[in-house]
Amino acid sequence: MSDYQVNNPATGEVEATYPTASDNDIQQVIELADSAYQDWRQVALSERSAILHKIADIYLERKDELARIMTAEMGKPVAQGKGELGLVAEIFRYYADNAEQLLAPDRIEVDTGSASVQKLPVGVLLGIMPWNYPHYQVARFVAPNFMVGNTIILKHAPQCPKTAEIIVEIFEAAGLPDGVYNNVFATNDQAATIIKDSRVQGVSLTGSERAGQAVAKVAGDALKKVVLELGGSDAFIVAADADIELAIKGAISGRFGNTGQACNAAKRLIVVDSVYDTFVEGFTDAVRSMTLADPLDDKTTIGPMSSKAAAQGLQQQLDSAVQAGANVLVEGGLLKDKPGAWFAPAVLADVDDSMDVYRQELFGPVAVVYKARDVEHAIKIANDVPYGLGASVQTQDPALAADIANKLEVGMVTINAPSGSEANTPFGGVKCSGFGRELGTLGITEFLNHKLIRDMS
């Protein structure tokens with residue numbers, strides 16, 4: 001049986017199944033992508049830009065339909081799906097409008113002659129993308145690489161096959177030439193085969209730490225460039241002078257957006273002692289007022305998790321924390337009497353470094369609140385995990401915000417708002433959260449041939 005299927009997390013029903021690619025299919029796709037690269041690299045930036053603008057137009061035209069399909073595949077509340085699609089359009093427009101400047105040669109001052117660094121394509125790339133933001137994750141990888149002149153083979157998450165097919169439809173409708181973007185319903189072994197092929201020049205993966213290790217090993221053996229955006233356990237630091245009402249609002253949206261299933265979600269709320277009780281009272285009241293509801297309703301803010309397996313895994317982590325001595329501030333957990341993957345929001349406190357959950361990522365609607373003696377203690381707690389994706393700092397003192405931000409071992413820090421994503425700002429982390437950057441000015445540089453042209457005459 002194929003792993004690629006639409007299994008509605010709200011109902012638990014399998015709505016569609018898609019066949020896995022054959023090994024011959026994989027070879028044909030690599031050949032097509034390589035052949036298309038020879039032509040696509042020669043296409044003028046203005047022509048590529050026009051196609052990207054058309055892609056953005058189609059995304060906005062079809063956003064209601066596409067959002068409902070995402071909801072059926074991975075449970076995203078439909079209003080949040082529409083928000084994701086708006087960001088997707090922004091990403092395509094950003095690179096369409098800015099690629100010419102971003103890809104301009106860098107001139108180097110030399111004593112004799114001239115020197116420049118040209119920014120050129122490298123060839124065929126493999127993308128391995130997750131289910132939690134099924135259009136956005138693809139857009140931030142392919143948009144800059146389309147403008148560079150690279151071609152793409154894309155292995156999407158097995159639970160998003162309909163979205164994967166629609167992405168192909170959108171690109172074709174926008175005029176993208178055949179072979180520039182290629183969707184494959186590949187197995188993990190077939191993905192490894194693609195990486196090893198000499199015609200493929202690099203791979204970008206967004207996913208779990210375990211998936212990143214597997215891909216990096218294969219890519220390393222094959223000497224291929226890798227970009228990895230992996231897990232996160234982002235800190236949300238609340239200083240003594242923070243606007244508590246704003247901080248609570250940010251913590252709710254930062255932790256429970258996309259039903260808590262975001263790599264850069266505010267998973268650890270680290271609150272300075274003097275405002276801890278006030279924050280916790282307001283935050284837990286807000287969590288208790290949240291209700292699970294039909295994700296197809298525009299007013300719904302939290303729906304089912306992506307799958308029953310994911311919900312069961314999170315429940316095991318929650319149970320382990322409680323058994324180890326964590327205090328439950330808000331009861332929550334897997335709703336076993338309801339079909340699908342419904343998980344009520346929960347809040348934990350008194351988690352310490354003797355517990356497994358202290359250094360684990362909780363990928364779902366479970367928040368952990370930590371009490372810090374002061375800001376320095378909060379920074380210590382924030383950095384005491386294997387991950388280093390993002391963080392958020394709540395304070396009304398700009399100097400303090402800058403000091404905290406500089407001391408956090410992460411790739412991104414947001415001040416007085418939960419972590420987010422914008423087309424023109426780089427996204428990525430350090431430590432076990434991966435390496436490389438997507439979006440912004442850095443996102444277009446990852447898969448380039450930075451070619452030196454040195455004229456000595």
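How many helices and strands does the protein chain have?

1. The protein chain has 14 helices and 22 strands. Both kinds of element are DSSP runs numbered from the N terminus, with helices being H or I over at least four residues and strands being E over at least two. This is a predicted model in which local features need pLDDT of at least 70 and side-chain atom pairs count only at pLDDT 80 or more, while totals for chains, interfaces and linings use all residues. Residues are numbered from 1 along each chain as its sequence is written, and side-chain values use heavy atoms, with hydrogens and water left out.

2. Overall dimensions. The radius of gyration of the protein chain is 23 Å, which agrees with the value near 23 Å that a compact globule of 457 residues would have. That radius is taken over C-alpha atoms, and the globule rule is 2.2 Å times the number of residues to the power 0.38. Along the principal axes, the C-alpha atoms fill a box of roughly 70 × 60 × 40 Å.

3. The six-stranded sheet. An open sheet of 6 strands has the order β7-β6-β5-β8-β9-β21, with mixed pairing. Two strands pair if DSSP finds at least two bridges between them. At the edges stand β7 (181–183) and β21 (434–435), each with a single partner strand, so one side of each has no neighbour in the sheet. Within this sheet, β8 (residues 200–206) and β9 (residues 225–229) are parallel and share 5 bridges; S204 stands opposite V227 in β9.

4. Helices on that sheet. Helix α1 lies across β5 (124–128), β6 (151–155), β7 and β8, and runs at about 150 degrees to β6. Helix α7 also packs on the sheet, where α7 touches β5, β6 and β8 and makes about 155 degrees with the direction of β5. Angles run from 0 to 180 degrees between N-to-C directions, and axes are lines fitted to C-alpha atoms, for helices over the stretch in contact.

5. Contact of α1 with α7. Helix α1 (residues 23–40) packs against α7 at an angle of about 30 degrees, with the axes 11 Å apart. D23, I26, Q27 and I30 in α1 meet Q190, T193 and I194 in α7, where contact means heavy atoms within 4.5 Å. By class, these residues are 3 nonpolar, 3 polar and 1 charged. Nonpolar covers Ala, Val, Leu, Ile, Met, Phe, Trp, Tyr, Cys and Pro; charged covers Asp, Glu, Lys and Arg; the others, Gly among them, are polar.

6. Contact of α7 with α8. Helix α7 (residues 188–196) and helix α8 (residues 209–221) pack at about 30 degrees, with their axes 9 Å apart. The two are therefore roughly parallel, a label for angles under 35 degrees. A192, I195 and K196 of α7 make the contact with V215, V218 and A219 of α8. This set holds 5 nonpolar, no polar and 1 charged residues.

7. The three-stranded sheet. A second open sheet has 3 strands in the order β3-β4-β22, with antiparallel pairing. Its edge strands, β3 (106–108) and β22 (449–455), each pair on one side only. The twist averages 20 degrees from one strand to the next. Strand β3 is joined to β4 (residues 114–120) by 3 bridges, with I108 opposite A115 and R107 opposite S116. The hairpin of β3 and β4 has 5 residues between the strands, and G113 takes a positive phi near 65 degrees there. On the β22 side, β4 pairs over 7 bridges, and S116 has I453 as its bridge partner.

Notes:
Angles under 35 degrees count as roughly parallel, over 145 as roughly antiparallel, 65 to 115 as roughly perpendicular and the rest as oblique.
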